[in-house]
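Colleague: I'd like to learn how to read ring contacts and charge patches in a model. Could you walk me through them?

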Amino acid sequence: MREKDEKDDKVRLDKWLWAARFYKTRALAKEAIEGGKVHHHGERCKASKEPRVGDEYVIRAGFDERTVVVRALSAVRRGAPEAQALYEETAESLTKREAAAAMRKAGALGIQTDGRPTKKQRRQIFRLPDQ
């Protein structure tokens, strides 16, 4: 049992991210780390970095950016409730993510159009400067 405790103290960052269910596979976690999607103290991390309890990481996935604090270490992927016990998202990060989701839902991030103009609309557009 002592060996297991020592092993849990040393776990790779990509394995921890996979165990905490931020990424579906360990390969995706490693790819995200190498792609600069995971930061610690404002700097990019390496997949072999060993996270410690209390470390704060900024993790980007899709549109979301989470700031999480490591609460426990695990090299084994388990159920979602156990995985959520491995980290704690900061309150600031949670409010920022919720605000960004609300903005996306409202459609404020991009210009919404009806698609390409029809032939008639295109002719009208070209006539505008002549008037």
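Modeller: Let's take the aromatic rings, then the surface charge.

Modeller: This is a predicted model, where local features need pLDDT of at least 70, side-chain atom pairs count only at pLDDT 80 or more, and totals for chains, interfaces and linings use all residues. Residues are numbered from 1 along each chain as its sequence is written, and side-chain values use heavy atoms, leaving out hydrogens and water.

Colleague: How many aromatic pairs does the structure hold?

Modeller: A pair of aromatic rings is described by the distance of the centres and the angle of the planes. Rings of Phe, Tyr and Trp (its six-membered ring) pair if their centres lie within 6.5 Å; planes under 30 degrees apart are stacked, over 60 edge-to-face, the rest tilted. Here there are two pairs. W16 and F22 are tilted, at 6.2 Å centre to centre and 40° between the planes. F22 and Y87 sit 4.6 Å apart with planes at 45°, so that pair is tilted. Together, ring pairs link W16, F22 and Y87 into a cluster.

Colleague: Is F22 buried or exposed?

Modeller: Buried means under 20% relative accessible area, exposed over 50%, partly exposed in between (1.4 Å probe, protein chains only). F22 is buried at 15%, and W16 is buried at 0%. Y87 is buried as well.

Colleague: And which residues gather in the patch of positive charge?

Modeller: A patch takes residues with over 30% relative accessible area and no salt bridge (a Lys or Arg side-chain nitrogen within 4 Å of an Asp or Glu carboxyl oxygen), joining like charges within 9 Å. On this surface, R116, K119, R122, R123 and R127 gather in one. R122 counts as partly exposed at 38% relative accessibility.

Terms used. Patches are made of residues with over 30% relative accessible area and no salt bridge: like charges are joined within 9 Å, nonpolar side chains (Val, Leu, Ile, Met, Phe, Trp, Tyr) within 5 Å. Accessible areas come from the Shrake-Rupley method with a 1.4 Å probe; for residues, only the protein chains shown count as cover. Lys and Arg count as positive and Asp and Glu as negative; His and the chain ends are not counted. The place of a charge is taken as NZ of Lys, CZ of Arg, CG of Asp or CD of Glu.
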